Amino acid sequence: MTVNQNPEQIARDTIDRKLIESGFAIQDRKHIDWRASPGIAVKEYPIDVGPADYVLFVDLGTCRGY
């Protein structure tokens with residue numbers, strides 16, 4: 001965590017850390033390396049209602065949460 005982060009930045013740092021600890025590779029939506037890991041977490045991934053904070057892919061499939 002860096003000094004002067006807003007709550008959203010702190011939350012994103014926490015989520016990133018937990019995803020990495022869970023074996024996901026964090027990727028930017030403009031630079032996705034599908035070979036980086038069996039689990040890929042893509043930030044700001046475009047979906048039909050706007051960008052999702054994260055979309056998770058496992059073995060090139062999409063994980064869905066309800």
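Arg12 and Glu8 stand 4 residues apart in helix α1, and are therefore separated by about one helical turn; helices here are DSSP runs of H or I with at least four residues, strands are DSSP runs of E with at least two, and both are numbered from the N terminus. Arg12 and Glu8 form a salt bridge in which the closest N and O atoms are 3.1 Å apart, a salt bridge being a side-chain nitrogen of Lys or Arg within 4 Å of a carboxyl oxygen of Asp or Glu. This is a predicted model, in which local features need pLDDT of at least 70 and side-chain atom pairs count only at pLDDT 80 or more, while totals for chains, interfaces and linings use all residues. Residues are numbered from 1 along each chain as its sequence is written, and side-chain values use heavy atoms, with hydrogens and water left out.

**Salt bridges**

- The structure holds 6 salt bridges, and one of them joins Arg12 to Asp53, with the closest N and O atoms 3.3 Å apart.
- That pair links distant parts of the chain, since Arg12 belongs to helix α1 and Asp53 to strand β3 (residues 50–58), 41 residues apart.
- Another salt bridge brings together the side chains of Arg35 and Asp33, at 3.5 Å from N to O.

**Burial and exposure**

- Of the 66 residues of the chain, 24% count as buried, where buried means under 20% relative accessible area, exposed means over 50%, and partly exposed lies in between (1.4 Å probe, protein chains only).
- Arg35 has a relative accessible area of 77% and is therefore exposed, whereas Asp33, with 32%, is partly exposed.
- Asp53 also counts as partly exposed, because its relative accessibility is 46%.

**Asp16 and its neighbours**

- Asp16 lies in helix α1 (residues 7–21) and, with a relative accessible area of 12%, is buried.
- Leaving aside residues up to four places away in sequence, Asp16 touches Ile26, Lys43 and Tyr54, a contact meaning heavy atoms within 4.5 Å.

**Glu44 and the overall fold**

- Glu44 lies in strand β2 (residues 39–47) and has a phi near 55°, a positive value in a residue other than glycine.
- Most residues other than glycine have a negative phi.
- Glu44 counts as partly exposed, at 29% relative accessibility.
- The chain comes to 1 helix and 4 strands, which run α-β-β-β-β from the N terminus on.
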